[in-house]
Amino acid sequence: MPAQALPADLSADQAYKKAFDFLMATQYAQAEAWFKGFLQQHATHALADNAYYWLGETYLVQDRLDQAAITFGQGLQAFPQGNKAPANLLKLGVALERLGKPDLARSTWQKLVTDFPKAAEADKANEFLKTMANVAPADGAAAAANPQQP
């Protein structure tokens, strides 16, 4: 869906609020269009960091995992130390895991824990990492990891 041109009479704060209201109403297509429009017109605004995160969430809840991962990554690239950086890392890991890329998910969560150890999201990342460590590998992987001695 192309970015929507936001009405000229709306301030950046009003446009962001409208996008967020659509998200809270679970009107994901509208939220997506408004967040995209917001980012197109207000890429350096203080709320742009949040807009990337919430745009990624619109994709994640719709199982548009590739687009979610891209968007969380774009938010991290644009705002590597932003207030939503820990949340973007957490959800990027979630999207990657759901895409069947556990090694990338693991490294993303480890980066979160290392770079933002005091963030609430670091606690959740640690939980995910512990869960991954406790999951037994698939039969073929287990056999390769534990070859029987002759």
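A search of the whole structure, which is a predicted model, turns up nine aromatic pairs. One of them joins Phe20 and Trp54: the ring centres are 5.3 Å apart and the planes meet at 75°, so this pair is edge-to-face. Because Phe20 belongs to helix H1 and Trp54 to helix H3, the pair ties together parts that are 34 residues apart in sequence.

**Around the aromatic rings**
- Phe20 counts as partly exposed, at 23% relative accessibility, whereas Trp54 is buried at 19%.
- Trp54 also pairs edge-to-face with Tyr53, at 4.8 Å centre to centre and 75° between the planes; both of these residues are buried.
- Tyr53, Trp54 and Phe20 belong to one aromatic cluster that also includes Tyr16, Phe35, Phe38 and Phe72.

**Charges over rings**
- Lys84 places its charged end over the ring of Tyr53, 4.6 Å from the ring centre.
- The charged end of Lys18 sits over the ring of Trp34, 5.7 Å from its centre.

**The nonpolar core**
- The largest nonpolar core holds 41 residues, and Phe35, Phe38, Leu39, Leu60 and Trp109 have the most contacts inside it.
- Helices H1, H2, H3, H4, H5, H6 and H7 each supply at least two residues of this core.
- Beyond its neighbours within four places in sequence, Phe38 touches residues including Leu6, Tyr16, His45 and Ala51.

**A look at helix H6**
- Helix H6 spans residues 102–115 and reaches 20 Å from first to last C-alpha, close to the 20 Å expected.
- Its buried residues are Ala105, Thr108, Trp109 and Leu112; they cover an arc of only 95° around the axis, which puts them on the same side of H6.
- These buried residues pack against helices H5 and H7, while Asp103 and Thr114 are exposed on the other side.

Note on methods: Residues are numbered from 1 along each chain as its sequence is written. This is a predicted model: local features need pLDDT of at least 70, side-chain atom pairs count only at pLDDT 80 or more; totals for chains, interfaces and linings use all residues. Side-chain values use heavy atoms; hydrogens and water are left out. Helices (H or I, at least four residues) and strands (E, at least two) are DSSP runs, numbered from the N terminus. The expected span of a helix is 1.5 Å times one less than its number of residues. Buried means under 20% relative accessible area, exposed over 50%, partly exposed in between (1.4 Å probe, protein chains only). The arc is that of the directions from the helix axis to the C-beta atoms. Contact means heavy atoms within 4.5 Å. A nonpolar core is a set of buried Ala, Val, Leu, Ile, Met, Phe, Trp, Tyr and Cys residues joined through side-chain atoms within 4.5 Å. Rings of Phe, Tyr and Trp (its six-membered ring) pair if their centres lie within 6.5 Å; planes under 30 degrees apart count as stacked, over 60 as edge-to-face and the rest as tilted. A charge sits over a ring if NZ of Lys or CZ of Arg is within 6 Å of the ring centre and within 35 degrees of the ring normal.
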